[in-house]
Amino acid sequence: MITRDNRLALLMSDGYLRSRNGKMGYGLLRYSESPIACVIASDEVGGDLREISGIDTDVPIVGSVDEARTLGADTLVIAVATSGGVLPGPYRVEIVRALRTGMNLVNGLHGRYNEDPEFASARQAGSWIWDVRQEPAGLVSGRGRARAIAARRVLTVGTDMAIGKMTASIELDRAARARGMRSKFLATGQIGICISGDGVPLDAVRVDFASGSIESLCLKYGDDHDVLWVEGQGSALHPGSTAWVPLLRGSMATDLVLVHRANQTMVDGLDNVAIPPLHEVVALYETVAAASPSFPAAKVRGIALNCARLSAEAISNACRAVEDETGLVCVDPVFHGAGRLLDAIYAD
């Protein structure tokens, strides 16, 4: 429901601007085709967003919805991805204020805010509330039908959650389109859907239909494209993650790209769960991908390394170390671009 005519205000107060849980805002700052009027972060007013985020942007940081309105914002985005998808308590006041002034609302959390009595009564005629995490209609169980698609299907898999799988997929899509390929990024989470305007919010889909929803998404675009970049979710290493399995089976992935954060040794927030050596993680995903002779024996073609906030020298050293360990191409797709990863995927 976001168009290029909308001007977005990203709500990221209460520490989220400096948190990994601010990834909704970071994704939109980096990739949104709709103009971003400002970031609302009352605890960071007047700060340098470029310095805080590491993103090359001149978007200002303001303290309230009223200030956002004076900058021309017409759409408020709840630009955080909280644990469990719950709304931070202080955000409710700002949301009501925005709706009462005629702004639209983009909700990437789990709540159905179209059905929230306070929000519904505050919304003005002509404005809208978009609950992004809604299960698509007409879903069926997965049947492996995506294997018949001629388009290559490249899935990003990770050593952890919130580690850069969407970013790697978008950068690969951009690199492919720059080479004239018929390329399509397939969003499977709320951030990617807000960026691309289409996709499946996988964590809102009942588990019986999870792989079928990804299969249907691939079938929708497979005949008209040379390659589909399927946005990964979760991790085989995270005890709370299951989404990676229906992504692998629903897409019948032909190739994999492993995403890792430089120097990370433990699953974030779980100091009892170690990340194994990367060559072992590669073997794990390849083994699961080829669990049946009827499945494509997808290989990890390269590694996308999230080196946010590292120096150029540190990024080069980190990528070189991963290449030495795994024998695979390794780049930070934001810093280097995704060209070498694309070359590795099409090397054979």
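Me: Which residues are linked with Arg50 in a network of salt bridges?

Reply: This is a predicted model, in which local features need pLDDT of at least 70, side-chain atom pairs count only at pLDDT 80 or more, and totals for chains, interfaces and linings use all residues. Residues are numbered from 1 along each chain as its sequence is written, and side-chain values use heavy atoms, leaving out hydrogens and water. A salt bridge is a side-chain nitrogen of Lys or Arg within 4 Å of a carboxyl oxygen of Asp or Glu. The residues in the network with Arg50 are Asp56 and Asp58.

Me: Is Asp56 buried or exposed?

Reply: Buried means under 20% relative accessible area, exposed over 50%, and partly exposed in between (1.4 Å probe, protein chains only). Asp56 pairs with Arg50 at 3.0 Å, N to O, and Arg50 is partly exposed at 33%. Asp56 has 67% relative accessibility, so Asp56 counts as exposed.

Me: How many residues apart in sequence are the parts that Glu215 and Arg145 tie together?

Reply: The closest N and O atoms of this salt bridge are 2.6 Å apart. Glu215 lies in helix α8 (residues 210-222) and Arg145 in the loop between β6 (129-131) and β7 (152-158), so the parts tied together are separated in sequence by 70 residues. Helices (H or I, at least four residues) and strands (E, at least two) are DSSP runs, numbered from the N terminus.

Me: How many salt bridges does a search of the whole structure find?

Reply: One of the pairs is Asp198 with Lys220, at 3.2 Å from N to O. The search of the whole structure gives a total of 18.
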